[in-house]
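Biologist: Could you go through the helix packing and the sheets in this model with me?

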Amino acid sequence: MLGYMKFISKAWKEFVQQGNINSEVRLEIADSWKRSKEYGVDFMNGRGNDAYGVSVESKIKENAELVSVARFIMEDIYNIVAGSGFALFLSDRDGYILDIIGESDIIQKANRLNFVKGALWTERAVGTNAIGTALHLDKPIQTIGAEHYGINQHSWTCSSAPIHDEEGNIIGCINMSGICSDAHLHTLGIVTAAAESIKKQLALIISYDLLNITFNSIVEGMIVSDDSFNIKRINDRAENILGITQNEIFKMNIKETLKDLNFDNMLSSSRQAYNNIECDFHIKNKRIKCIINAVAMRANHKFIGVVITFRETQYVHKLVTKVVGYKATYKFDDIISDNEKMKNVIKFAKKAAKSDCNILIEGSSGTGKELVAQSIHNYSERQQGPFVAINCASIPRDLVESELFGYDRGAFTGAVKEGHPGKFELADGGTIFLDEVGELPLDIQSKLLRVLDNNKIVRVGGTYEKELNIRIICATNKRLKEEIKKKTFREDLYYRLNVMNIKTIPLVERKEDIGVLAKYFIDILNMKNNDNIKVMSKNYIANLMEYEWPGNVRELRNVIERDYYSSEDNIIGIECSDIGDIKYKEIKDKDIIPIDILERDSISNALKFCNGNLVKAAKMLKISRSTIYRKIKKYNINNV
């Protein structure tokens with residue numbers, strides 16, 4: 001080593017005085033000397049540079065995670081090399097010293113060299129040195145004696161290794177420095193291993209942080225237990241669902257919390273998981289209904305615990321209602337009427353919607369009872385909740401109770417083993433619409449009355465009452481007061497349902513709406529078939545007005561749709577229709593409409609439908625653009 005020290009000292013002098021590089025000088029050192037000279041570094045100096053005036057505190061804060069991890073590793077190394085005259089230094093990726101560990105005498109020497117926190121030790125600042133050169137080359141390097149460019153460092157030996165993140169980016173540098181005479185190759189191996197160890201530790205921390213973020217950001221509650229089913233970890237969502245703190249739940253055993261689940265099966269290989277099981281958490285004398293998944297964890301074929309994920313049953317039900325389409329489509333704006341009585345019905349229905357009272361809608365079939373019910377829901381404070389409609393007349397008698405109120409596991413032969421929610425549970429937070437409520441069996445009527453009294457349901461085969469937040473709207477085409485006299489409908493139930501009463505008006509009593517509704521249905525059909533626009537003739541509308549419409553608006557819509565598609569022309573005339581038993585009127589002179597009037601009306605209607613767009617109107621009428629221009633001029637039609 002002494003011989004090398006003399007050689008490198010002579011080579012350094014020759015370079016700084018004459019600019020000559022001895023061919024025996026290591027290539028990394030020779031190239032670094034050249035860079036140092038180009039940077040204009042003073043070779044008679046070599047002390048750490050603090051001219052840039054950075055804040056030590058801000059640098060440490062900026063690299064807090066690196067400093068924290070590296071500190072533990074540096075302390076471990078120092079405990080091994082203590083007394084050997086070496087100190088450990090940590091820099092950031094820019095070459096600023098962040099941390100130092102060493103004995104007092106070596107630290108004092110380092111201070112005289114300005115080898116202190118906050119000082120800059122790049123090649124550009126102080127010339128060739130282990131930290132600066134390692135960062136420049138992006139590889140470990142050892143510098144001994146006069147290999148350093150600055151003369152003040154010639155009594156030192158330094159070994160440095162860059163520290164990388166998982167993507168290979170330099171994030172810092174670890175250095176081990178001591179007296180030149182104590183130089184040993186093993187110090188380079190130590191810092192290289194330390195840099196790799198810091199990299200792996202940082203990667204673990206990042207992975208752990210990502211795991212924590214993931215653990216707490218998932219929308220489901222999550223609980224992890226050990227092999228004795230003691231709860232060891234719980235995420236924030238689980239705390240919110242269960243209404244409990246981590247300190248409280250850590251004292252619990254998952255077997256005692258989920259009493260209905262057979263966890264002992266997980267100790268055998270026969271059952272590794274439970275999926276989508278409806279189960280109750282027993283927390284502080286309360287039951288919290290959830291849908292859970294439970295998976296056994298095994299390592300080296302040994303059971304080590306359970307991971308449980310869960311959502312509130314109410315949330316899952318809301319998701320189900322969204323997926324299967326339990327929502328109200330219609331609004332009051334969709335109810336078309338020029339009839340004053342019908343307008344008053346709508347006005348009252350809007351008032352009823354703003355209350356939370358039960359509503360009974362009475363009216364004959366086809367008068368739009370469900371249309372009114374959906375409009376009430378969408379006009380109410382519950383518009384964001386589900387709208388679950390059920391036709392009571394369409395359910396087989398032996399399934400009515402389970403369909404409405406659900407059933408628990410094992411309630412009857414053929415029941416789904418996990419149980420099943422009823423329509424009332426699916427409507428929680430929204431509205432349930434019971435159409436044809438007069439068809440409910442008497443025993444179900446009594447159960448419905450109980451729901452109305454306490455807002456709670458009990459599933460078939462169940463013992464637990466579940467509280468619900470729902471609004472009930474019922475509809476019937478029967479005269480329920482007459483059904484009460486016949487003993488087929490409970491009088492007390494009638495009065496509980498009939499808090500707000502709405503009577504829809506049959507179409508025969510609002511004949512002024514026939515033409516309005518017919519045009520509305522035609523417009524809808526034209527929008528669906530915009531390449532074949534059709535209009536109604538006057539005698540067709542007159543024919544519609546003469547019919548009694550026992551099927552009300554529903555029948556009118558069906559007739560309009562049938563005649564629309566039956567008509568081969570753009571004008572739907574009386575010859576297209578055969579409503580009920582109505583016979584066509586005898587054709588008279590007044591029924592004959594001149595072709596030019598029909599042509600003018602067709603062009604005018606097409607222009608209105610197309611908002612004055614001549615090209616589109618011509619296409620719909622199946623005439624050329626030049627023809628429509630000529631006809632507009634001929635009939636003096638305003639195309640705006």
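Biologist: Let's begin with H20 and H22: which residues meet there?
Modeller: From H20, Ile514, Leu517, Ala518, Phe521, Ile522, Ile524, Leu525 and Asn526 meet Val553, Leu556, Arg557, Ile560, Glu561, Tyr564 and Tyr565 of H22, where contact means heavy atoms within 4.5 Å. By class, the residues of this contact are twelve nonpolar, one polar and two charged (Ala, Val, Leu, Ile, Met, Phe, Trp, Tyr, Cys and Pro count as nonpolar, Asp, Glu, Lys and Arg as charged, and the others, Gly among them, as polar).

Biologist: What should I keep in mind about the coordinates and numbering?
Modeller: This is a predicted model, in which local features need pLDDT of at least 70 and side-chain atom pairs count only at pLDDT 80 or more, while totals for chains, interfaces and linings use all residues. Residues are numbered from 1 along each chain as its sequence is written, and side-chain values use heavy atoms, with hydrogens and water left out.

Biologist: Back to H20 and H22, at what angle do they cross?
Modeller: The axes of H20 (residues 512-528) and H22 (residues 552-566) cross at roughly 50 degrees and come within 10 Å; axes are lines fitted to C-alpha atoms, for helices over the stretch in contact, and angles run from 0 to 180 degrees between N-to-C directions. H20 is therefore oblique to H22 (under 35 degrees counts as roughly parallel, over 145 as roughly antiparallel, 65 to 115 as roughly perpendicular and the rest as oblique). Their crossing is right-handed, that is, the near helix is turned clockwise from the far one by less than a right angle, anticlockwise being left-handed. Helices (H or I, at least four residues) and strands (E, at least two) are DSSP runs, numbered from the N terminus.

Biologist: And H23 with H25, left-handed or right-handed?
Modeller: The axes of H23 (residues 595-609) and H25 (residues 625-635) come within 11 Å and cross at roughly 115 degrees, which means that H23 is roughly perpendicular to H25. This crossing of H23 and H25 is left-handed. Asp596, Glu599, Arg600, Ile603 and Leu607 of H23 meet Ile628, Lys631, Ile632 and Tyr635 of H25, a contact with five nonpolar, no polar and four charged residues.

Biologist: Changing topic, in what order do the strands run in the sheet that contains S7?
Modeller: That open sheet has five strands in the order S7-S6-S10-S9-S8, with antiparallel pairing (two strands pair if DSSP finds at least two bridges between them). S7 (231-234) and S8 (273-283) are at the edges with a single partner strand each, so one side of each has no neighbour in the sheet. Direction ignored, neighbouring strands here are turned by 30 degrees against each other on average. S9 (residues 286-299) and S10 (residues 302-312) pair over ten bridges in the antiparallel sense, and Cys290 stands opposite Glu312 in S10.

Biologist: What about the sheet with S2, which strands are its edges?
Modeller: It is an open sheet of five strands, ordered S2-S1-S5-S4-S3 and paired antiparallel, and its edge strands, S2 (97-101) and S3 (141-144), each pair on one side only. Neighbouring strands are turned by 20 degrees against each other on average, direction ignored. Helix H8 (residues 186-217) packs on this sheet, touching S3, S4 and S5, and its direction makes about 25 degrees with that of S4.
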